[in-house]
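Biologist: I am new to this one. Please show me the sequence and the structure, and I will ask about the terms.

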Amino acid sequence: MIEFLLVAVFVIGFILFGLITFIWIQLNSTESRLVKLIEDRIRLNNVYYELDRLEFPIIVEEE
C-alpha cells in the first residue's frame, strides 16, 4: 500500500512539474499564443474600463 502511494505521489509530482515547466516556457516566449491571448484579454478589459468611465447625458424627450 505504501509503495502504491509513493508511486502515485511521484507520478502526480512529475505531471505537475511538466505542467509548470510548459506554462513557464509559454509565458517566457513572446510569440506564444497563450501570451497573445492574455495580452488581448488585458487590452479588452482596458477598453471595457474606459467605456464604463464614459458618462452619457440622459436626454428625456417630452411630448
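Biologist: Why is I23 called partly exposed?

Modeller: Buried means under 20% relative accessible area, exposed means over 50%, and partly exposed is in between (1.4 Å probe, protein chains only). I23 has 37% relative accessibility, so I23 counts as partly exposed. I23 lies in helix 1; helices are DSSP runs of H or I, at least four residues, numbered from the N terminus.

Biologist: What kind of model is this, and how are residues numbered?

Modeller: This is a predicted model, where local features need pLDDT of at least 70, side-chain atom pairs count only at pLDDT 80 or more, and totals for chains, interfaces and linings use all residues. Residues are numbered from 1 along each chain as its sequence is written, and side-chain values use heavy atoms, without hydrogens and water.

Biologist: What makes D40 and R43 a salt bridge?

Modeller: The term asks for a side-chain nitrogen of Lys or Arg within 4 Å of a carboxyl oxygen of Asp or Glu. Between the side chains of D40 and R43, the N to O distance is 2.8 Å. That is within the 4 Å limit, so the pair is a salt bridge. By this rule, the count is one.

Biologist: How do you know that D40 and R43 are about one helical turn apart?

Modeller: Both are in helix 2, and they are three residues apart, so about one helical turn separates them.

Notes
Helices (H or I, at least four residues) and strands (E, at least two) are DSSP runs, numbered from the N terminus.
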